[in-house]
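Trainee: I've got this one open and would like to talk it through before I write anything up. Could we start with the overall picture and then go into the details?

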Amino acid sequence: MMVEMLTESVGQFGYFALFFTLWLGIVGMPIPDEVIVLSAGVLTSMNILEILPAFIATYLGVVSGLSLGYVLGRMLGAPALNWIGRKKGMGKYVQQAQSLLEKYGSYALCISYFLPVVRHVVPYLVGIGKMTFRRYAAFSYTTGLVWTLILFFAGHFMGNNVANLNAFLSMFNQGLVVGIAVLVLVAGASIYGYKVWKRKRVSVLSTKTLVNENERSE
């Protein structure tokens, strides 16, 4: 169904159709981003689209749609959150996004990519929280590249096989979010361990310097 719709859109608007279809996710388009990215990959396997321009249009559509949420959150503040919360059924996703941010901080931007709808809410919240765009882009754009690569080329290599694509989507969203969470915890522990080691090293160097100065003064 999505492949046919994209084929018609691409026929009319070219590669811009991929970009705008994903960009419209920010206003609550009912088709999940995962399905659109997979379908874009399928179209390249059918030689309807060229791989490189299709991938670029898809990736830009993903990150620009989420970035718009960040910009709106940063510019509008709390009213942006109220606007999201008023949408039917969005309350639970806002709570999930807030929980992720409280638990993982900036890494919630990475984890949320693997949670439908939540991925669109988190950018609003970090924008409201005044996260710098540089930090937002570092986390969101890098994860978005990996996320898009996996889904796009899964669609390309599986082709228009609906059963395989559905099975892959289920495994993708359930399995990778756990893997990302583990990686985040490992990264957090590593950073914490490095900071502890660095503080101890500075303390030891300071002590040695003080001892040397005392010895010279004697």
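Trainee: What share of the contacts with a separation of 6 or more comes from residues 24 or more positions apart?

Mentor: Keeping in mind that this is a predicted model, residues 24 or more positions apart account for 76% of the contacts in the protein with a separation of 6 or more.

Trainee: And how many helices and strands are there?

Mentor: The protein has 10 helices and 0 strands, and the pattern read along the sequence is accordingly α-α-α-α-α-α-α-α-α-α. Of the 218 residues in the protein, 40% are buried.

Trainee: Let's pick a helix, say α3. How far does it reach from its first C-alpha to its last?

Mentor: Helix α3 covers residues 33-45, which is 13 residues, and it reaches 19 Å between those two C-alpha atoms, close to the 18 Å expected at 1.5 Å a residue.

Trainee: Why do you call α3 largely enclosed?

Mentor: Because 11 of the 13 residues of α3 are buried, the helix is largely enclosed by the rest of the structure. The buried residues are D33, E34, I36, V37, L38, S39, A40, G41, V42, L43 and T44.

Trainee: What happens just after α3?

Mentor: There N47 takes a positive phi of about 65°.

Trainee: Moving on to packing: how do α4 and α9 cross?

Mentor: The axes of helix α4 (residues 51-76) and helix α9 (residues 133-158) come within 9 Å and cross at roughly 140°. That angle makes α4 oblique to α9, and the crossing in which α4 passes α9 is right-handed.

Trainee: Which residues meet there?

Mentor: On the α4 side they are I51, A54, F55, T58, Y59, V62, V63, L66, S67 and Y70, and these meet F133, Y136, Y141, G144, L145, W147, T148, L149, F152, F153 and H156 in α9. Sorted by class, the contact of α4 with α9 has 16 nonpolar, 5 polar and no charged residues.

Trainee: T148 is on that list. Is T148 buried or exposed?

Mentor: T148, which lies in helix α9, is buried, with a relative accessible area of 0%. If its neighbours within four places in sequence are left aside, T148 is in contact with V37, F55, T58, Y59 and V62. One of these, V37, is among the buried residues of α3, while F55, T58, Y59 and V62 belong to the α4 side of the contact with α9.

Trainee: What about H156?

Mentor: H156 also has its place in helix α9, and with a relative accessible area of 18% H156 counts as buried, because the cut-off is under 20%. Again leaving aside neighbours within four places in sequence, H156 is in contact with G41, V42, T44, S45 and I51.

Trainee: Different pair now. At what angle do α5 and α8 pack?

Mentor: Helix α5 (residues 78-86) and helix α8 (residues 118-128) pack at an angle of about 155°, with their axes 9 Å apart. The two are therefore roughly antiparallel to each other, and α5 passes α8 in a left-handed crossing. From α5 the contact takes A78, A80, L81, W83 and I84, and from α8 it takes Y124, L125 and I128. By class, the residues of this contact divide into 8 nonpolar, no polar and no charged.

Trainee: And how do α4 and α8 pack?

Mentor: Their axes are 7 Å apart and the packing angle is about 35°, in a crossing that is right-handed. The residues making the contact are L66, G69, Y70, L72, G73 and R74 of α4 together with R119, H120, P123, Y124, V126, G127 and I128 of α8. By class, this contact of α4 with α8 has 7 nonpolar, 4 polar and 2 charged residues.

Trainee: Last topic, the loops on either side of α8. What is phi at V117?

Mentor: Phi of V117 is near 70°, a positive value in a residue other than glycine. V117 sits in the loop between α7 (108-112) and α8, and at 28% relative accessibility V117 counts as partly exposed.

Trainee: Where is K130, then?

Mentor: K130 is in the loop between α8 and α9, and K130 has a positive phi of about 65° although it is not a glycine. At 47% relative accessibility, K130 counts as partly exposed. As background, most residues other than glycine have a negative phi.

Terms used. Residues numbered from 1 in each chain as written. Predicted model: local features only at pLDDT ≥ 70, side-chain atom pairs only at ≥ 80, totals over all residues. Heavy atoms only, no water. Helix = DSSP H or I, 4+ residues; strand = E, 2+ residues; numbered from the N terminus. Expected span 1.5 Å × (residues − 1). Buried < 20%, exposed > 50% of the residue type's maximum accessible area, 1.4 Å probe, protein only. Axes fitted to C-alpha atoms, helices over the stretch in contact; angles between N-to-C directions. Parallel < 35°, antiparallel > 145°, perpendicular 65-115°, else oblique. Left-handed = near helix turned anticlockwise from the far one by under 90°. Contact = heavy atoms within 4.5 Å. Nonpolar A, V, L, I, M, F, W, Y, C, P; charged D, E, K, R; others polar.
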